[in-house]
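Q: Could you take a close look at one part of this model with me? I'd like a connected walk through it.

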Amino acid sequence: MIQQTYLFAVMSVAALWWLWGKVRPDLVALIALFALVYFNVVPAQDAFVGFSHPAVIALASIMVISKALQNSGLLDLLARVANVLRPDPFSLILVLCALTAFASAFMNNIGAMVIMIPIAIHICGKHGIPVSKVLMPLSFASILGGMTTLVGNAPNIIVSGYKEGTGLAPYGLFSFIPVGGAVAMTGVIFIALIGWRLLPQRHKP
């Protein structure tokens, strides 16, 4: 019971620090880990076992791949394709969301958004379309795209690692496409047809 109390107290303080936002999240996580070791909630010899988990290694690899995609010029090519879109919001949002979903299927969702946001803002300014109508659809598209492949987001990798740990075969790269692909395609079409119309229209210089 005492260990559960220490665990709850440490995680509560860590959550408050994360919400406060003044301390780096990784530093908060390390402090919480050391606190749990100090209170014997986590054995000292097991403190860093999690760093060797396949999910952590896979996520680090995704970060490297994301940077490689940024530097390779592939995404610049996608930007040039998007730059010749028709000026109506439907075509613009449909193609941008499709490109974002495709990119986030093979790289980190945040990395895909970091790349696509400047492109979207530039195209919106070029055609006089409110940015407020485009950015949130891109955010949802990046989440939907991450559902389609094993490396699209962290939960997929974690579930695959857990499955492998139970003695079953791990998921393949495209094992999630039958469900995730259908959901992503439906979601992107909904966003392009209806979703963006529900957002407020704000013009900002």
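What covers the buried residues of helix 7?

A: Quick housekeeping: this is a predicted model, where local features need pLDDT of at least 70, side-chain atom pairs count only at pLDDT 80 or more, and totals for chains, interfaces and linings use all residues. Residues are numbered from 1 along each chain as its sequence is written, and side-chain values use heavy atoms, leaving out hydrogens and water.

Now, the cover over the buried residues of helix 7 includes helix 5, helix 6 (109–127), helix 8 (154–165) and helix 9 (177–193). Helices here are DSSP runs (H or I, at least four residues), numbered from the N terminus. Helix 7 itself takes in residues 135–146. Its buried residues (under 20% relative accessible area, 1.4 Å probe, protein chains only) are P137, L138, A141, S142, L144, G145 and G146.

Let's zoom in on helix 5. Its partners I93, L96, C97, T100, A101 and S104 meet P137, L138, A141, S142, G145 and G146 of helix 7, with contact meaning heavy atoms within 4.5 Å. That contact has seven nonpolar, five polar and no charged residues, where Ala, Val, Leu, Ile, Met, Phe, Trp, Tyr, Cys and Pro count as nonpolar, Asp, Glu, Lys and Arg as charged, and the others, Gly among them, as polar.

T100 sits in helix 5 (residues 89–104) and counts as buried because its relative accessibility is 0%. Leaving aside residues up to four places away in sequence, T100 touches A112, M113, M116, L138, A141 and S142. A polar atom of the T100 side chain also lies 2.8 Å from the backbone oxygen of L96.

Key:
Helices (H or I, at least four residues) and strands (E, at least two) are DSSP runs, numbered from the N terminus. Buried means under 20% relative accessible area, exposed over 50%, partly exposed in between (1.4 Å probe, protein chains only). A polar contact is a pair of N or O atoms within 3.5 Å; within protein, one must be able to donate a hydrogen and the other to accept it, and residues adjacent in sequence count only if both atoms are side-chain atoms. The expected span of a helix is 1.5 Å times one less than its number of residues.
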